Amino acid sequence: MNRAELVKIIREKKSVLCVGLDTDLNKIPKHLLEEEDPAFAFNKAIIDATRDVAVAYKINTAFYEAQGLKGWISMEKTLNYIPKNIFTIADAKRGDIGNTSEQYARTFFYTYPYDSVTVAPYMGADSVQPFLQFEDKWAIVLGLTSNAGSADFQLQDCSNEKLYEKVLRTVASWGTPENIMFVIGATRKEQLQHVRSLLPEHFFLIPGVGAQGGDVATVCDNALNKDGGVLINVSRGIIYAGSGTDFAEKAAVAAKEYQQQMAAYL
Ligand SMILES: O=C(O)c1cc(=O)[nH]c(=O)n1[C@@H]1O[C@H](COP(=O)(O)O)[C@@H](O)[C@H]1O
């Protein structure tokens, strides 16, 4: 999906909501464990319940890879089930020497046709560039992450700037706002506005709303741009809003509440 198409669905739905499919077999409602493919049964119900308000789905591959081959099959069925006019993210946090990154890019853009994949930039330009060679596909590069450990490296001084600032500036020069997004944590309230001023055009994937304590208003007040320019991810706060047979209805209500908060800004 290209930028114009993404911006169009944001405007149509008045939403920047990305629903995170962090599907954990220990957390899904017990009755689904009777199904042949419990993870897919859960995801299918969540997608049906949220597709009207979601502009993106983020499949966190860890939750599927942990199940081995079965998990990869659940993931593929889930990806195929997502409507074609909704942006898809493989949250796989890949990045390696160039020829290996080429294989990762092939995995998540071709074998499994996602629109985007999350990428760790630590190994530098040749590890990220293979993800930028596919038309209408995106690398979503870790910029300033939501977790406490982001302080260990990202917030450290590096010459006259913080390491994350150097990463944002340098990685942005490897591509364009049409093929690179950055992950910026919603929990980094003090830096959101600054990051937007550094990168006025780029889209940001913003996780950390809900379970990690971030909120939609702070993100929208500080990080929106003229195109929306953010995808606000909520995983546990939507998919585990309920734990009984009405889990999908509860997810629908939670997703709609997030979308309505967003609509006030869009
Ligand atoms: O790249 C990510 O998606 C990501 C980056 C980051 O800085 N923080 C972060 O929480 N994430 C992911 O975003 C999701 C957040 O989930 P919830 O806290 O349940 O909404 C998880 O899939 C995390 O792996």
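This is a predicted model: local features need pLDDT of at least 70, side-chain atom pairs count only at pLDDT 80 or more; totals for chains, interfaces and linings use all residues.

Q: Where does phenylalanine 182 lie?
A: Strand β8, which covers residues 180–184, holds phenylalanine 182.

Q: And is phenylalanine 182 buried or exposed?
A: Phenylalanine 182 counts as buried because it has 24 C-beta neighbours inside 10 Å, and the cut-off for buried is 20 or more.

Q: How far is phenylalanine 182 from phenylalanine 42?
A: In sequence they are 140 residues apart, and in space the C-alpha to C-alpha distance is 29 Å. Phenylalanine 42 is one of the buried residues of helix α2.

Q: Ok, helix α2 then. How many of its 13 residues are buried?
A: Ten of the 13, so α2 is mostly covered. The buried ones include Phe40, Ile46, Ile47 and Ala49.

Q: What span should α2 have, and what are its end C-alpha atoms apart?
A: The 13 residues of α2 (38–50) should span 18 Å at 1.5 Å a residue, and the end C-alpha atoms are 18 Å apart, so the two agree.

Q: How about helix α5, how far does it reach?
A: Helix α5 runs over residues 98–111 and reaches 18 Å from first C-alpha to last, close to the 20 Å expected for its 14 residues.

Q: Which residues in α5 are buried?
A: Ser101, Ala105, Phe108 and Phe109 are. The buried residues of α5 pack against β3 (87–94), β4 (116–119) and α6 (125–128).

Q: Switching topic: how many residues are in the largest nonpolar core?
A: That core has 82 residues, and those with the most contacts inside it are Leu17, Cys18, Ile232 and Ala251. Helix α12 (residues 247–263) gives the largest share, eight residues.

Q: What does alanine 251 touch?
A: Not counting residues up to four places away in sequence, alanine 251 touches Ile46, Ala49 and Thr50, plus Ile238, Ile239, Ala241 and Gly242. Ile46, Ala49 and Thr50 are also among the buried residues of α2.

Q: Now the ligand. How many residues surround it, and which are the closest?
A: There are 20 residues around the ligand, and the closest are Thr145, Ser146, Pro207, Ser235 and Arg236. By class, that shell has 13 polar, four nonpolar and three charged residues. Strand β10 (230–234) and helix α11 (236–239) each supply at least two residues of the shell.

Q: Which residues have a positive phi although they are not glycine?
A: Two to look at are aspartate 136, with a phi of about 60°, and serine 159, with a phi of about 55°. Most residues other than glycine have a negative phi.

Q: Where do they lie?
A: Aspartate 136 lies in the loop between α6 and β5 (138–144), and serine 159 lies in the loop between β6 (157–158) and β7 (161–162). Aspartate 136 counts as partly exposed because it has 14 C-beta neighbours inside 10 Å, whereas serine 159 is exposed, with 8 other C-beta atoms within 10 Å.

Q: Last one: what does UniProt list for residues 16–251?
A: The unreviewed UniProt entry lists them as "domain: Orotidine 5'-phosphate decarboxylase". That span is 36% helix and 21% strand, and its end C-alpha atoms lie 16 Å apart.

Conventions
Residues are numbered from 1 along each chain as its sequence is written. A residue is near a molecule or strand if its C-beta atom, placed from the backbone, lies within 6 Å of it. Helices (H or I, at least four residues) and strands (E, at least two) are DSSP runs, numbered from the N terminus. Ala, Val, Leu, Ile, Met, Phe, Trp, Tyr, Cys and Pro count as nonpolar, Asp, Glu, Lys and Arg as charged, and the others, Gly among them, as polar. The expected span of a helix is 1.5 Å times one less than its number of residues. A residue is buried if 20 or more other C-beta atoms lie within 10 Å of its own, exposed if 12 or fewer, and partly exposed in between; C-beta atoms are placed from the backbone. Two residues are in contact if their C-beta atoms, placed from the backbone, lie within 7 Å. UniProt positions are given in the numbering used here, feature names are shortened, and annotations may be inferred rather than shown by experiment. A nonpolar core is a set of buried Ala, Val, Leu, Ile, Met, Phe, Trp, Tyr and Cys residues joined through C-beta atoms within 7 Å.
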